[in-house]
Amino acid sequence: MCTTTVTWYEEKKEANQTMEKDVEPLPLPVRTSASQRIIWRNVIGIIVLHFLAVYGFVSGYRDAKLWTWIWSFAYGVVAGLGITAGAHRLWAHKSYSAKIPLRIFLAYLYCMAGQTHFYKWIRDHRTHHRYTETNADPHDATRGFFFSHIGWLMVKRHPAVKEYGSKIDMSDITADPVIKFFDKYYEVIMVSLCFVLPILLPVFAWSETWFISVHAMLIRYVWSLHATFIVNSFAHMWGNRPYNRRVKPTENPTVSFFALGEGWHNYHHSFPWDYKAAELGAYGLNPTTGFIELMARLGLAYNLKTPKKELVDRTILKKGDGTDSLWGHRRH
């Protein structure tokens with residue numbers, strides 16, 4: 001841990017307000033049902049995307065060059081850091097601060113992942129934390145695995161998502177010059193980095209076939225999407241709850257492996273301002289934390305926020321389910 005840059009966040013004057021706002025999400029007064037029309041364009045697009053990825057893997061994986069596999073894997077991991085270290089921990093939760101060069105770098109990485117505009121991603125995530133598992137949660141896990149994983153992208157949003165999402169404070173995002181630039185030119189930058197570059201480089205750098213290069217891009221893209229989706233589904237359903245047994249988010253090492261450290265979700269929903277998004281730090285199942293700490297050592301990241309151990313211990317004793325935070329064994 002970079003102790004010279006870490007701040008104990010609960011000692012700040014605004015800590016009590018932040019903890020009340022973020023640690024205990026404000027529930028909606030009444031859970032209501034609403035008709036959510038199916039968006040057939042999205043349904044068909046998702047089905048076709050998955051079909052092409054599976055077809056490309058089955059028909060071409062034996063013929064793909066080794067460098068194509070290495071390139072696709074590395075590209076997916078690096079793009080994932082744009083989501084985990086960038087959109088999520090830096091911009092959505094402000095769990096650390098970054099200098100302009102790092103902010104621009106993370107913005108490029110985020111566009112490589114090809115998800116959606118910064119503003120929409122960050123607003124949805126803040127709404128998810130503020131109104132977790134209510135009608136206003138964009139991917140409410142109480143509606144089942146399929147909905148929280150990918151189904152929420154196939155239907156019109158619940159009216160509560162729009163109503164309460166519009167109340168989320170996004171003033172810091174609208175004032176951010178990096179976000180404004182990348183959202184303004186998002187389509188051009190995203191298409192170039194997420195689709196065009198990953199196809200062209202294997203073809204011209206090591207003579208990969210167009211067929212394999214296109215399908216390798218699709219496989220990497222689908223894999224990276226599901227690496228994000230599993231945080232919304234698996235990590236809200238399966239695992240232990242050592243920090244807060246009253247909420248659905250869990251500690252899930254498998255999700256952390258695929259999502260670069262984002263599977264320690266019970267902790268994250270208890271202490272969303274922690275730059276580690278986990279109690280355990282930069283070990284093998286939290287490479288995003290290792291990346292942030294490396295940037296801090298290089299002087300590009302600072303003001304890394306984390307709660308004191310005493311606060312975490314009190315939370316465990318008061319709200320936890322009695323298990324440990326890694327593999328879910330009962331505490332002695």
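A cavity is a set of grid points where a 1.4 Å probe fits but cannot get out, and its lining residues have an atom within 4 Å of a point. The legends below describe a predicted model.

**View 1. The lining of the largest cavity.** The count comes to one cavity of 30 Å³ or more. The largest cavity has a volume of about 30 Å³. Thr68, Trp71 and Ser72 belong to its lining, together with Pro198, Pro202, Ser213, Ala216, Met217 and Arg220. Five of the lining residues are nonpolar, three are polar and one is charged.

**View 2. Helices around the largest cavity.** Three helices, α3 (66–92), α10 (186–206) and α11 (210–232), each give at least two residues to the lining. The largest share, four residues, comes from α11.

View 3. The unreviewed UniProt entry lists residues 38–58 and 185–206 among its transmembrane regions. Residues 38–58 are 90% helix and 0% strand, with end C-alpha atoms 30 Å apart. Residues 185–206 are 95% helix and 0% strand, and the end C-alpha atoms of this span lie 30 Å apart. The entry also lists residues 70–92, 104–122 and 218–238 as transmembrane.

**View 4. Asp169 in its loop.** Asp169 sits in the loop between α7 (159–165) and α8 (171–174). The relative accessible area of Asp169 is 52%, so this residue counts as exposed, the cut-off being over 50%. Asp169 and Arg126 are 43 residues apart in sequence. In space, their C-alpha atoms are 8.8 Å apart.

Methods
Residues are numbered from 1 along each chain as its sequence is written. This is a predicted model: local features need pLDDT of at least 70, side-chain atom pairs count only at pLDDT 80 or more; totals for chains, interfaces and linings use all residues. Side-chain values use heavy atoms; hydrogens and water are left out. UniProt positions are given in the numbering used here, feature names are shortened, and annotations may be inferred rather than shown by experiment. Buried means under 20% relative accessible area, exposed over 50%, partly exposed in between (1.4 Å probe, protein chains only). On a 1 Å grid over the protein atoms alone, a cavity is a set of points where a 1.4 Å probe fits but cannot get out, and a pocket is an open set with protein on both sides within 12 Å along at least five of seven lines; lining residues have an atom within 4 Å of a point. Grid points are joined across faces, edges and corners, and a volume is the space filled by probe spheres set on the points. Ala, Val, Leu, Ile, Met, Phe, Trp, Tyr, Cys and Pro count as nonpolar, Asp, Glu, Lys and Arg as charged, and the others, Gly among them, as polar.
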